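Please keep the structure in view while reading, and look up each residue as it is named.

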Amino acid sequence: MAIAIVFTVPSVAFAAEEFEQTTAVIEENNPTQEEAFFDETETQEAVNDETVATLSICSAIYVWPISGHTWIYVHNYSDEPIQVGHYEVPVGEGVSVGVFSFSVNDGWGIYYNIEAYKENTKNRMDKVWSKSTELDADELDTLHNRLLSYPNYWGFGGNCATFAFSMWNSVTHEGYFSLLIPAITQFMLMVSGAEKGTLEMFCPPREHVYRLKGSGDSAHLELASDYSVG
């Protein structure tokens, strides 16, 4: 269940000030891109035998504090394709999944691979905050079924953060809840261990960026338009 929180002006101002101060401290201690690369390599080598994939929850702000996006990314570390919702992820690749509204032209709802494509092609991965967890086969199946059952829509009571937190909570059992302000959503991730610029998302080809059409048994993927992807 999504929980909507309405902030008063003073509370938002206080949160924004605290957010800026925390960002400065975290960025000061954030590893360089070279260090982040080796950290990511070591993480991949440390994935245990039971792990079939990793799930990451991601956040980026484009115009602080009101324009931003939160989504999930799943990377396939198994030796065979895996099913993530309506998308089959090849070996060694990944898929991002998020809910969109005004920034797309193919209808409000769930999209696959827009974030993985755009953040890579626009060279914005160093701006992405993320935290990750390993998934075994059962956890991946839980996430897969949660994606299949999630309503294909965007709304103020079910925005991009609501979606991403719902997916993350389904396998981690953590208590993230939806917030209406992107900067506050990102602040929640920052104080709970998210890092900036350390995630590497596989960049899919343009023809693998999809809009989910329909719902239930009729749900299917259709190629997203250039406007939505641009």
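The model shown here is a predicted one. Gly 94 belongs to strand 5, and with a relative accessible area of 1% this glycine is buried. Gly 94 and Ala 116 are 22 residues apart in sequence, and their C-alpha atoms lie 8.4 Å apart in space.

**The chain as a whole**

The secondary structure of the chain comes to 7 helices and 10 strands, and buried residues make up 48% of its 230 residues.

**The nonpolar cores**

The largest nonpolar core holds 42 residues, and within it Ile 72, Leu 143 and Phe 163 touch the most other members. Which helix gives the most to this core? That is helix 5, residues 160-172, which supplies 7 residues. Leu 143, when residues up to four places away in sequence are not counted, touches Leu 55, Ile 72, Val 74, Leu 135, Met 167, Ser 170 and Val 171. Apart from this core there is a second, separate one of 9 residues, with Cys 58, Tyr 73, Met 125 and Val 128 among its members.

**Helix 4 against helix 5**

Two packed helices are described by the angle between their axes and the distance between the axes. Helix 4, residues 137-149, packs with helix 5 at an angle of about 150 degrees, and their axes are 9 Å apart. Because angles over 145 degrees count as roughly antiparallel, helix 4 is roughly antiparallel to helix 5. The crossing in which helix 4 passes helix 5 is right-handed. From helix 4, the residues Glu 139, Thr 142, Leu 143, Arg 146 and Leu 147 meet Phe 163, Ser 166, Met 167, Ser 170 and Val 171 of helix 5. Sorted by class, this contact of helix 4 with helix 5 has 5 nonpolar, 3 polar and 2 charged residues.

Is helix 3 largely enclosed by the rest of the structure or largely open? Helix 3 spans residues 114-121, and because 6 of its 8 residues are buried, it is largely enclosed by the rest of the structure. The buried residues of helix 3 are Ile 114, Glu 115, Ala 116, Tyr 117, Lys 118 and Glu 119. They pack against strand 1 (53-63), strand 2 (67-76), strand 5 (94-100), strand 6 (109-112) and helix 7 (226-229).

The loop between strand 6 and helix 3 holds Asn 113, a residue with a positive phi of about 80 degrees although it is not a glycine. Just after helix 3, Asn 123 takes a positive phi of about 55 degrees.

**Loop residues, buried and exposed**

| Residue | Relative accessible area | Class |
|---|---|---|
| Asn 113 | 0% | buried |
| Ser 178 | 5% | buried |
| Asn 105 | 51% | exposed |
| His 173 | 68% | exposed |

Asn 105 has its place in the loop between strand 5 and strand 6, and since the cut-off for exposed is over 50%, its 51% relative accessibility puts Asn 105 in that class. Asn 105 and Ala 224 are 119 residues apart in sequence, while the separation in space is 8.5 Å from C-alpha to C-alpha. With its neighbours within four places in sequence left aside, Asn 105 is in contact with Ser 225, Tyr 227 and Ser 228.

His 173 lies in the loop between helix 5 and helix 6 (182-191), and His 173 has a positive phi of about 60 degrees without being a glycine. Ser 178 also lies in the loop between helix 5 and helix 6, but where His 173 counts as exposed, Ser 178 is buried. Ser 178 and Cys 160 are 18 residues apart in sequence and 8.6 Å apart in space, C-alpha to C-alpha.

Terms used
Residues are numbered from 1 along each chain as its sequence is written. This is a predicted model: local features need pLDDT of at least 70, side-chain atom pairs count only at pLDDT 80 or more; totals for chains, interfaces and linings use all residues. Side-chain values use heavy atoms; hydrogens and water are left out. A nonpolar core is a set of buried Ala, Val, Leu, Ile, Met, Phe, Trp, Tyr and Cys residues joined through side-chain atoms within 4.5 Å. Buried means under 20% relative accessible area, exposed over 50%, partly exposed in between (1.4 Å probe, protein chains only). Helices (H or I, at least four residues) and strands (E, at least two) are DSSP runs, numbered from the N terminus. Contact means heavy atoms within 4.5 Å. Axes are lines fitted to C-alpha atoms, for helices over the stretch in contact, and angles run from 0 to 180 degrees between N-to-C directions. Angles under 35 degrees count as roughly parallel, over 145 as roughly antiparallel, 65 to 115 as roughly perpendicular and the rest as oblique. A crossing is left-handed if the near helix is turned anticlockwise from the far one by less than a right angle, and right-handed if clockwise. Ala, Val, Leu, Ile, Met, Phe, Trp, Tyr, Cys and Pro count as nonpolar, Asp, Glu, Lys and Arg as charged, and the others, Gly among them, as polar.
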